[in-house]
Amino acid sequence: MAFSVSKVVLLAFSASIFIYSAIAHDFSIVGYSPEHLNAMDKLNELFESWMSKHGKSYRCVEEKLHRFGIFMDNLKHIDTRNKQVSSYWLGLNEFADLSHEEFKNKYLGLKSEILTRRDRSTNNFMYRGATDLPKSMDWRKKGAVTQVKNQGSCGSCWAFSTVAAVEGMNQIVTGNLTSLSEQELVDCDRSFNSGCNGGLMDYAFEFIVSNGGLHREEDYPYLMEEGTCEEKKEEMEVVTIGGYEDVPENDEASLLKALAHQPLSVAIEASGRDFQLYNGGVFDGPCGTELDHGVAAVGYGTSKGSDYIIVKNSWGPKWGERGYIRMKRNTGKPEGHCGINKLASYPIKTK
């Protein structure tokens, strides 16, 4: 049922409203203005406008008031951080009504700890001798990246990371950009991976090899939840790979060598609050190296003297830069920003 939070009820929150002075920032980017921060009725309007933009509705008045309180707290964080940093900015995206703990529990899903069950080998790293790399690369412009997808609240980031890398390599080799099925991995890849409860890209590559390929998305669409594994049908097209390789760990030079030749599956720590509310720019915000999210690296470049890696996420096109984030590189840390150099891999496919 649709309803408006009344001005009278909202006054109950007045003690927790934060009054700010106007700040010099492009408010059109982040979605709020100084007047929103200084008046209860304007804040109410902002929340209602945000709900409409993101198609939000709540079960009851109590739930709406609860979400409004979280929204206000996130707005405080956004405004504070946007005053402090200049390389990137935060905004009122669709996660603005989620507490940070809720966000972490719903939208991550990498199980890097299962990697301890096997040894990562980089002896066969095919790009070791690569030289004369281009100064920048964007596989989106070369037609090797499908549209930004949305994993929903299923912890299947590992499947989206895997599929993005396979889609890219398949296009590079065949010339055809084919959107592939994450759902097939979620439903069927159960040797080590755990569907919506997390997984790892290396094991997903192994599954695709042993399974004889991966179905197209249109033949095996995504459900945002675990389903029943469907058997392959002869009339349905599949995309195959011949294997995969790991990029040497904590070696950004090797990461760029591989990325100059194809999109990669990479892992990062994405559990920071700034990551949740990221809206644009070259991200060099606070994060550690405890890997918890699988994404795809699809290019690299430099902006205003700041080097970055282009990362395709799986939280839909409303998050970040139309579903992407530019992550700082050349940080001087072997593991890279948010651990992006620690656990990269890619599929192999020959003509």
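Is Cys287 buried or partly exposed? Cys287 is partly exposed, because its relative accessible area is 28% and the classes are buried under 20%, exposed over 50% and partly exposed in between (1.4 Å probe, protein chains only).

## Basis of the model

This is a predicted model, in which local features need pLDDT of at least 70 and side-chain atom pairs count only at pLDDT 80 or more, while totals for chains, interfaces and linings use all residues. Residues are numbered from 1 along each chain as its sequence is written, and side-chain values use heavy atoms, with hydrogens and water left out.

## Disulfide inventory

Three disulfides are found by a search of the whole structure, a disulfide being a pair of cysteine sulfur atoms within 2.5 Å. With the bonded cysteines of the protein chain numbered in sequence order, the pairing reads 1-3, 2-4, 5-6. Helices and strands are named below as DSSP runs numbered from the N terminus (helices H or I, at least four residues; strands E, at least two).

The sulfur atoms of Cys154 and Cys196 are 2.0 Å apart in their disulfide. This pair links distant parts of the chain, 42 residues apart: Cys154 is in the loop between strand S2 (137-138) and helix H7 (157-174), and Cys196 is in the loop between helix H8 (182-188) and helix H9 (201-210). The bond is left-handed because the torsion about its S-S bond is about -100 degrees. Cys154 counts as buried at 2% relative accessibility, and Cys196 likewise counts as buried, at 19%.

Cys188 and Cys229 also form a disulfide, with their sulfur atoms 2.0 Å apart. Cys188 lies in helix H8 and Cys229 in the loop between strand S3 (214-215) and strand S4 (238-239), so this bond ties together parts that are 41 residues apart in sequence. The link of Cys188 and Cys229 is right-handed, with 105 degrees about the S-S bond. Cys188 counts as buried at 16% relative accessibility, whereas Cys229 counts as partly exposed at 35%.

## Cys287–Cys338

A disulfide joins Cys287 to Cys338, with an S to S distance of 2.0 Å. The two cysteines are 51 residues apart and link distant parts of the chain, Cys287 being in the loop between strand S7 (278-283) and strand S8 (293-303) and Cys338 in the loop between strand S10 (324-328) and strand S11 (345-348). The torsion about the S-S bond is about -95 degrees, so the disulfide is left-handed. Cys338 counts as buried, at 2% relative accessibility.

## Surroundings of Glu269

Glu269 is found in the loop between strand S6 (264-268) and helix H11 (273-276). Beyond its neighbours within four places in sequence, Glu269 is in contact (heavy atoms within 4.5 Å) with residues including both Cys287 and Cys338. Gly288, Thr289 and Leu291 are also among its contacts.

Glu269 is buried yet has no salt bridge, and the nearest side chain of opposite charge, that of Lys342, is 8.0 Å away. A salt bridge here requires a side-chain nitrogen of Lys or Arg within 4 Å of a carboxyl oxygen of Asp or Glu. The side chain of Glu269 does reach the backbone nitrogen of Gly288 at 2.8 Å, and a polar atom of that side chain lies 3.3 Å from the backbone nitrogen of Thr289.

Cys60 counts as partly exposed at 29% relative accessibility. Cys157 is in no disulfide, and the nearest cysteine sulfur, that of Cys154, is 9.1 Å away. Cys157 is buried, with a relative accessible area of 0%.

How values were computed:
Lys, Arg positive; Asp, Glu negative; His and termini not counted. Polar contact = N/O pair within 3.5 Å; in protein donor to acceptor, adjacent residues only side chain to side chain.
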